Amino acid sequence: MAKIGKIYSTTLSIILIFVCSACALTHGANSDYAATHYSSAQNLWRSTADALQITSQTPINRRVQAQINWYMRHKQYLVNASNNAVPYFYYVYHEIKRRHLPIDLVLLPVVESLYDPFAYSKVGASGIWQLMPSTALGYGIKINWWYDGRRDIIASTNAALNYLSYLHRFFKGDWLLAIAAYNSGEGRIQAAVKKNIRLHKSTSFWALSLPDETRTYVIELLAVGRILSQPNKYHVNLTPIPNSPYFQQVDMSSPIDLPYAANIAGMRLTELLRLNPGYNQWSTGSASRPLLIPVNQVGTFKRNLSKAPKAKTLSWIRYEVEYGDSLNKLANKFNTTDVIVEQVNQLSNNKLHRGQILLIPINSAGINNLSIVEQQREFNALRSTPIINVIEHEVQGGETLSSIARHYGVSVAQLRFWNQLKVNARLQPGMKISIWLKGNTHPRTHIIHYTVKKGDSLFAIAARHNSTVKAIKQYNHLKTDTIVPGMTLKIPSNETTTRIEYTVKKGDTLSAIAKRYGVSVKSIQTTNDLDNIHQLSIGQQLLIYVKDK
């Protein structure tokens with residue numbers, strides 16, 4: 001896992017302000033720290049300190065002491081982590097205890113993310129456990145446009161503990177090696193172990209040649225545990241955490257808007273988002289996932305939800321822009337306003353491009369009753385993690401892992417890992433395969449107009465144009481597979497493309513730009529709604545989709 005480092009982000013500051021004000025848990029310096037904060041067995045920090053295993057079994061050395069000294073010079077680091085941990089610590093603590101794992105693991109999110117579910121590292125790790133997308137997908141976490149389970153407290157904790165348990169088995173019960181591997185991967189740690197075996201050296205964590213970041217990562221965990229276990233020696237003012245649930249999981253029978261859910265629960269949107277940080281958009285989307293609600297507000301939420309008209313609980317749709325769409329047309333189509341669509345999607349101008357994804361309100365009155373700018377500011381202040389491009393591919397008849405891998409430019413091994421498929425697993429039509437697309441690579445649908453010829457079948461046409469029978473029938477509203485010669489069909493052809501944003505320069509022509517990128521003039525015109533080939537101006541932005549080789 002990737003570590004975010006000792007940085008206090010704007011997001012973290014916002015969360016800390018809210019936690020302190022909402023929970024009234026801010027404390028000043030207290031000379032009698034042990035008496036105030038460790039006097040009650042109901043304080044989970046004390047329960048953690050009493051149960052530490054890895055820390056107590058590892059003798060302190062100069063490296064650990066140096067890290068302890070660093071924390072003593074930067075006490076606010078641990079104070080901030082304890083403030084952030086308030087809503088989540090009870091759940092994580094008891095999950096670790098339920099699995100009979102070392103309670104020290106409850107401190108890993110302190111080192112990883114300061115218990116900030118919106119923490120995001122430069123290498124793409126996210127959530128309190130800082131899971132990488134490939135690891136998360138391999139352990140069953142869903143990541144899509146609506147939702148990123150790496151930030152979901154329950155899903156990410158389950159995946160992280162599963163991974164740590166696997167690493168513990170892999171390294172034959174050595175927790176220091178398992179924790180090191182959580183940071184840098186079991187392959188790197190195993191290579192260091194094998195090297196020492198060849199050199200007839202010790203294979204303990206302290207004897208291995210490891211990257212500085214990985215070594216420091218383990219040392220930081222040990223240092224935090226040592227500070228926690230000796231409150232009379234190290235006076236760090238940690239926020240007390242009661243040994244009682246902070247939230248309760250409420251099953252939802254249908255998707256729901258997050259601002260609406262917060263409203264009927266009697267809480268601010270910010271607080272709801274902090275308990276449900278996995279959602280990327282203003283709605284739970286197409287899935288009926290549970291919501292986490294503070295224990296003392298569950299009754300209010302359930303009562304109001306039972307009375308809510310179904311039409312009010314979901315007011316948003318995910319819409320993919322088609323050729324000819326405009327903000328005004330979409331506003332009229334969905335009975336809203338172009339201003340709201342523009343604000344919700346943070347559009348810099350009213351120009352749309354085909355394939356663009358928009359979140360569109362379908363209940364105009366409900367949206368207008370919200371303070372949209374305030375809600376959006378709250379939402380975006382927290383939801384700072386980039387949305388990863390993960391798609392679900394529905395397996396068609398005749399497809400194999402190899403053909404799907406070739407189509408999306410990934411490996412068969414990656415497909416197996418992301419979907420937890422065994423080597424001999426067989427694909428069935430209709431099966432959903434998760435695919436993580438890197439960079440700017442997107443599956444893009446091109447529409448081809450095809451005139452049916454004698455002897456044609458939908459299956460043959462689909463195969464010829466890299467499409468599917470199901471997609472052709474949907475695009476042409478066909479109820480059966482029957483087609484006749486002379487009939488014109490729209491054929492959606494799936495190609496993997498790279499999106500390029502090109503700024504027109506002096507002397508540029510459409511022909512020259514098209515030639516440079518190996519595309520047709522017509523494709524640039526269609527994508528950018530250009531009426532003629534001379535419709536260019538210096539500084540103009542063009543979207544160009546280049547088919548990957």
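Predicted model: local features only at pLDDT ≥ 70, side-chain atom pairs only at ≥ 80, totals over all residues.
Reader: At what angle do helix H5 and helix H13 pack?

Author: Angles from 65 to 115 degrees count as roughly perpendicular. Here H5, residues 62-73, packs against H13, residues 212-229, at an angle of about 65°, and their axes are 8 Å apart. That makes H5 roughly perpendicular to H13. The crossing of the two helices is right-handed.

Reader: Which residues of H5 and H13 meet?

Author: From H5 come Arg63, Val64, Gln67, Ile68, Tyr71 and Met72. Across from them in H13 are Arg215, Thr216, Ile219, Glu220, Leu222, Ala223, Val224, Arg226 and Ile227. Sorted by class, this contact has 9 nonpolar, 2 polar and 4 charged residues.

Reader: How many residues of helix H11 are buried?

Author: A residue is called buried when its relative accessible area is under 20%. In H11, residues 175-184, that applies to 9 of the 10 residues, so the helix is largely enclosed by the rest of the structure. The buried ones are Trp175, Leu176, Leu177, Ala178, Ile179, Ala180, Ala181, Tyr182 and Asn183.

Reader: What covers the buried residues of H11?

Author: The cover includes helices H4 (54-57), H8 (108-113), H10 (153-170) and H12 (186-198), along with H13. H13 is also the helix that packs with H5.

Reader: What is found at the start of H11, and which residue just after H11 takes a positive phi?

Author: At the start, a side-chain oxygen of Asp174 comes to within 3.1 Å of the backbone nitrogen of Leu176. Just after the helix, Gly185 has a positive phi of about 95°.

Reader: Which residues does Leu427 touch?

Author: Leaving out residues up to four places away in sequence, Leu427 touches Val395, Glu399, Thr400, Leu401, Ile404, Leu421 and Ile433. For distance along the chain against distance in space, take Gly398: Leu427 and Gly398 are 29 residues apart in sequence and 9.1 Å apart in space, C-alpha to C-alpha.

Terms used. Residues numbered from 1 in each chain as written. Heavy atoms only, no water. Axes fitted to C-alpha atoms, helices over the stretch in contact; angles between N-to-C directions. Helix = DSSP H or I, 4+ residues; strand = E, 2+ residues; numbered from the N terminus. Parallel < 35°, antiparallel > 145°, perpendicular 65-115°, else oblique. Left-handed = near helix turned anticlockwise from the far one by under 90°. Contact = heavy atoms within 4.5 Å. Nonpolar A, V, L, I, M, F, W, Y, C, P; charged D, E, K, R; others polar. Buried < 20%, exposed > 50% of the residue type's maximum accessible area, 1.4 Å probe, protein only. Polar contact = N/O pair within 3.5 Å; in protein donor to acceptor, adjacent residues only side chain to side chain.
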